[in-house]
Amino acid sequence: MSLRLRLTMLYSLFMGGILLVFGVVVFILINVILLNQVDTMLASVVHDITKVTRVNAVGELNIISLPPLDMASNAYVQVWGQDGKLVTSSASIAALTTSLDEYALKSGETMYRDSWLEAAHLRVLTVPLKMGAHKIGALQVGTSLAVVDASQRTLISVMMIVAIIAVLISGIGSWVLLGRAFSPLEVITYAVDRVNHADDLSRRVPYAGRRNNEIGNLVESINQTLERLESLFTSQQRFLADVSHELRTPLTVIKGNVDLMRRMKEADEESLTSIDQEAGRLSRLVGGLLMLAQAESGKLTLNFNPVELDLLLTEVFTEMQVLAKNKVTIHLNDIDQVMVKGDRDRLKQVLLNLVSNAIQYTPQGGDVFLGLAKIGEQARLTIRDTGAGIPAEDLPHIFDRFYRAEKSRTRSSFSGFGLGLSIAQWIVEHHGGQLKVESKEGKGSTFAIWLALLPEP
Ligand code: ADP
């Protein structure tokens with residue numbers, strides 16, 4: 001059963017229930033009011049009769065005649081003696097010898113009761129007649145309830161017709177309104193189905209309605225999910241293409257050199273060096289990929305300990321002298337004593353990567369400046385070079401995996417794969433810090449690592 005049908009039935013049932021309760025309350029109330037009127041009328045007749053009731057010398061009832069009654073045509077009166085004999089009765093029931101209400105007459109109490117006389121429905125008031133404490137008879141006044149019964153029947157019919165119409169209207173109304181409310185959901189289902197069938201994540205769910213309601217929010221969430229899926233899917237495809245591309249080049253070089261040596265039937269030193277270099281590149285690529293995979297699956301854990309950044313930077317400075325050789329001069333100036341909480345090996349990996357990039361992208365005779373300063377509650381490590389700089393259009397992408405600025409794409413055996421900066425950024429961000437870059441083409445680049453200082457004990 002559809003949700004629309006189920007809700008429609010629920011609303012109609014609810015409406016029917018409310019009308020039923022309302023109808024019962026109205027019915028009871030009107031019944032009470034009508035009976036009250038009848039009872040008041042009966043009481044006033046009783047009052048009129050008791051006023052003219054006489055008693056003879058031996059204490060027996062002695063009524064000459066009944067008074068003319070206002071409701072005489074509608075009220076039936078019987079006066080019973082203490083011996084159980086009918087003393088007198090109104091003209092309209094002169095032929096009736098049985099009591100209007102046998103039970104009440106026997107009980108001798110004052111009471112209002114409904115009673116049936118053949119097919120007639122009556123309301124009867126029975127009142128004992130007394131002289132002082134002495135009971136001398138009973139008076140019974142009754143009236144037909146035909147009008148009251150007819151009113152009740154009419155009321156029930158009217159209420160039932162109104163209830164049926166109201167339930168029908170509410171059912172039809174709910175069906176139409178729910179149809180309108182649910183129609184965007186059908187559009188969404190259709191659109192998502194088409195995304196699945198066409199395998200096309202670039203499609204979006206169309207929605208022309210209001211944005212700030214439940215449906216608008218749902219559509220927006222679905223579209224955001226599709227957007228994210230699309231970007232993940234595209235980056236996965238690009239990643240596969242990049243990895244295949246990076247693997248192919250060294251493998252081609254290795255295979256070419258092996259083929260050459262086979263043809264020459266001797267191990268050529270130059271070919272062996274080339275194979276060695278390419279195998280080294282391959283193992284660096286696989287190492288980088290492994291690290292990224294671990295980082296993304298959350299398996300790369302960082303061991304946080306207090307780290308003296310000034311000592312770490314000095315260590316990196318010393319180690320990098322070998323790589324810089326006579327090509328560039330590395331300067332270590334302006335270093336403050338700084339403690340942070342971090343994974344020493346990973347932070348060193350970041351620094352080595354940034355410094356080796358600076359050396360690599362700075363031409364012969366250039367300079368690389370390393371610095372460390374306390375700024376407010378933060379430590380700032382800087383690696384500045386006087387190299388080629390990064391073109392403005394490349395700058396936003398250099399932290400992407402496999403991204404290499406256009407100029408450095410002319411591959412040399414030293415060039416990397418464009419993985420170093422994305423790994424460095426992951427490490428810095430997982431230290432709660434930031435890795436920033438400023439660069440001007442032709443002037444040089446400055447990479448800055450911002451980390452929170454370890455609070456002094
Ligand atoms: P790679 O292994 O290619 O160096 P990275 O992720 O470390 O990969 O760097 C990405 C790209 O950013 C590099 O290919 C290069 O174009 C650019 N780059 C990084 N550091 C510098 C720098 N100090 N000067 C100029 N360009 C740089």
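**Entry 1: nonpolar patch.** I looked up which helices contribute to the nonpolar patch, and found that α1 (3-51) and α3 each supply at least two of its residues. The model I am working from is predicted. I then listed the members of this surface patch: Met1, Leu5, Met9, Ile164, Leu168, Ile172, Trp175 and Val176. Together they make a nonpolar area of about 810 Å². I noted that α3 gives the largest share, five residues. Ile172 was checked individually, and its place is in helix α3.

**Entry 2: α3 and α4.** I next examined how helix α3 (residues 146-198) runs relative to helix α4 (residues 214-264); their axes come within 10 Å and cross at roughly 10°. Angles under 35 degrees count as roughly parallel, and I therefore recorded α3 as roughly parallel to α4. For the contact itself, I found Ala181, Pro184, Leu185, Ile188, Val192 and Val195 on the α3 side. They meet Ile215, Leu218, Val219, Ile222 and Leu226 of α4.

**Entry 3: salt bridges.** I turned to charged pairs and read a total of 13 salt bridges in the structure. I followed one of them, in which the side chains of Arg204 and Glu230 meet at 2.7 Å, N to O. Arg204 lies in the loop between α3 and α4, whereas Glu230 is in helix α4, so I noted that the pair ties together parts that are 26 residues apart in sequence.

How values were computed
Residues are numbered from 1 along each chain as its sequence is written. This is a predicted model: local features need pLDDT of at least 70, side-chain atom pairs count only at pLDDT 80 or more; totals for chains, interfaces and linings use all residues. Side-chain values use heavy atoms; hydrogens and water are left out. Axes are lines fitted to C-alpha atoms, for helices over the stretch in contact, and angles run from 0 to 180 degrees between N-to-C directions. Helices (H or I, at least four residues) and strands (E, at least two) are DSSP runs, numbered from the N terminus. Angles under 35 degrees count as roughly parallel, over 145 as roughly antiparallel, 65 to 115 as roughly perpendicular and the rest as oblique. Contact means heavy atoms within 4.5 Å. Patches are made of residues with over 30% relative accessible area and no salt bridge: like charges are joined within 9 Å, nonpolar side chains (Val, Leu, Ile, Met, Phe, Trp, Tyr) within 5 Å. Accessible areas come from the Shrake-Rupley method with a 1.4 Å probe; for residues, only the protein chains shown count as cover. A salt bridge is a side-chain nitrogen of Lys or Arg within 4 Å of a carboxyl oxygen of Asp or Glu.
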